[in-house]
Amino acid sequence: MNDSVVGNSAVVAGNGGGLRKAIRADRGGTVLLGVLLAIAVLVPALNLLVPADSVLHMSGYAVTLLGKYMTYAMLAMAVDLVWGYCGILSLGHGAFFALGGYAIGMYLMREIGSRGVYGNPLLPDFMVFLNWTELPWFWHGFNSFPFALLMVFLVPGSLALVFGFLAFRSRVSGVYLSIITQALTYALMLAFFRNDMGFGGNNGFTDFKDVLGFNLQSPGTRMVLFLLTAAALGGSYSLCRYIIDSRAGRVIQAVRDAESRARFLGYRVESYKLWMFVLSALLAGLAGALYVTQIGIINPSEFSPTNSIEIVIWVAIGGRGTLYGAVVGAFLVNYAKTYFTAALPSMWLYALGALFVIVTLFLPNGVVGLLGARGRKYRRATAK
Amino acid sequence: MRFRSMLRSAACAAARIAGSCSPAVSALGAYSTYVVQLLMPQHIGASILVAIPVAFLVSGLAGIAIERGIVRYLYGRPLETLLATFGLSLILQQAVRDIFSANNRPVETPQWLAGTLQINDVLAITYNRLYIIGFTFALFLLLLAVLKKTRLGLEVRAVSQNRAMAKAMGIRTEWVDAMTFGLGSGVAGIAGVALSQLTNVGPNLGQSYIVDSFMVVVFGGVGNVWGTEIGGNALGVVNKLLEPYAGAVLAKILVLVFLILFIQRRPRGLFPQRGRAAEG
């Protein structure tokens, strides 16, 4: 995983002294990938090898929690890709995340087979409960894992393609675009809440048994899923970084900073925006699929507009337009959420709200920007 | 719903920043109604009339405080404004939950607002809805009059059309900004009073309307009271007409899909602002 990353950045950084240049060019990213690599080595060791009564033992709960944060980090990165680099503030990215989750959830539901409460070999429990006799057409094919995996990308991707095509073609931008993305996820939430849609209504999918024949509850499977998530996070970071540093990436940033000028220079602004939007939706879908496999539940509340707004909060707090900032933000805010909602439940919304107001007012570059400024000041001071 | 979106969007239009109409401000209005009723339990009938100016003042002052404290640092950055107000509404929501508890609070309907108008065997309209429709219209006319006929309205329009020029002509733009925001929030607060007559008053009040009211603004165009009035009415009526055939949820989805398609043809709403100001 790490090797390919360095390779990618090295291409960008130029010919000679690839590794050193790449590291210097993208300090934050190098730190992020280093930390991910360390996690990928340490977590399995602490979880599986260290005995359970040791202080150093990492519980299965902690592993799942960390895995969850990593899927959120991927989602935040997807939002940062469009918001930080294209200037498209999407308030509906939760929809792509949830669609990816639903796609893999359908596979996991079919995989339960006759082990459900009603023991129906073909129909998932909720369909039996609704007195359905046959599988709806869109559920066919989801018994195969490769098909479901394809759908994890295809469904969010094609939604983003159609929606983005319509939106960017008519030059909807700014607040208007944010609002219609919000409407998109809201409409999907309403739709998925309906029982007759065939997606389990407000209960969604849960009670998954296994994936590809491996028991989802066993520590081994969970660890593999965890490592896959870490690899996906690192991989998508490198992919995003590669694209941003490429020629196309420069054009994207030009579009963000001066859309009309980029258009008059002859660039097809709409297609650049559209492809970034689709790529971002694909990443969000993958994150959703990894999330659902690890957490074991997906329901329509994932589509709620507040969820999507919260993703934007992570990115803003971490620092937008950096990619690794989004990851930092997702980890910080979600760790704080886990801590506060357990320790001081009523304080959480105050803290989140205040954090958001303060960050938008005083820290336009987020926590990462703060660290960067500190670092620069420190270096300047030591240079004197 | 229709009433609510109309009013809220009128408020948004007045404040000219879509993000400024945080639903929490309307909730303030609704809770003011509740508090006024608690303070005068002997005069429930009159309490609603007292609640209207109280709600206007409370929400308006809150709006001015928000503008002075946060929004004024973010002018020209609409996306950041949107985000900051989201953060703020989280805080307000939790504050309401802590002060008034997370349960819904009952607001009594006064005697003279209760009852139904029986038109024939099938059709009956409750009086409070009729009053609310009439009241909305009156408020709409009042808002229009303020914007078109008063000194403040003139200054508001001047600032929103060309800030630099307005400033050069001696208009205190900062003051106008604060007043505009206060006015918009005040109207949102009055919407809260009316809403307290229609639904339960709880901390999540307004959250389910946030998308609706944004849609109305998108449909009607930002910064246009007529557009929001017509947009709000049209969307509300279409939604209600579709409901018997498609069911409430599907009707809403259809309206949303329609709006997404509509915005293709008219990305700046039904009644876009014209001229140089529109590009700003």
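# Reading helix packing and a chain interface

User: What pattern does chain B follow along its sequence?

Analyst: Reading along the sequence, chain B runs α-α-α-α-β-β-α-α-α-α-α-α-α, with 11 helices and 2 strands. Helices (H or I, at least four residues) and strands (E, at least two) are DSSP runs, numbered from the N terminus. Keep in mind that this is a predicted model: local features need pLDDT of at least 70, side-chain atom pairs count only at pLDDT 80 or more, and totals for chains, interfaces and linings use all residues. Residues are numbered from 1 along each chain as its sequence is written, while chains are lettered from A and ligands numbered from 1 in the order in which they are written.

User: How many residues of chain B are in contact with chain A?

Analyst: Two residues are in contact if their C-beta atoms, placed from the backbone, lie within 7 Å. On that basis, 31 residues of chain B touch 32 residues of chain A. On the chain B side, α4 (78-100), α9 (210-220) and α11 (248-265) each supply at least two residues. The largest share, 14 residues, comes from α4(B).

User: OK, now helix pairs. How do I read one?

Analyst: Two packed helices are described by the angle between their axes and the distance between the axes. Axes are lines fitted to C-alpha atoms, for helices over the stretch in contact, and angles run from 0 to 180 degrees between N-to-C directions. Take α5 (residues 93-112) and α12 (residues 269-295) of chain A: their axes are 6 Å apart at an angle of about 50 degrees. α5(A) and α12(A) are therefore oblique to each other; angles under 35 degrees count as roughly parallel, over 145 as roughly antiparallel, 65 to 115 as roughly perpendicular and the rest as oblique.

User: Which residues of α5(A) and α12(A) meet?

Analyst: Among them are A:Phe96, A:Gly100 and A:Ile104 in α5(A), and A:Ala281, A:Gly288 and A:Val292 in α12(A).

User: Which residues of α9(A) are buried?

Analyst: Buried means 20 or more other C-beta atoms within 10 Å of the residue's own, with C-beta atoms placed from the backbone. In α9(A), the buried residues include A:Arg222, A:Phe226, A:Leu233 and A:Tyr237.

Technical notes. A residue is buried if 20 or more other C-beta atoms lie within 10 Å of its own, exposed if 12 or fewer, and partly exposed in between; C-beta atoms are placed from the backbone.
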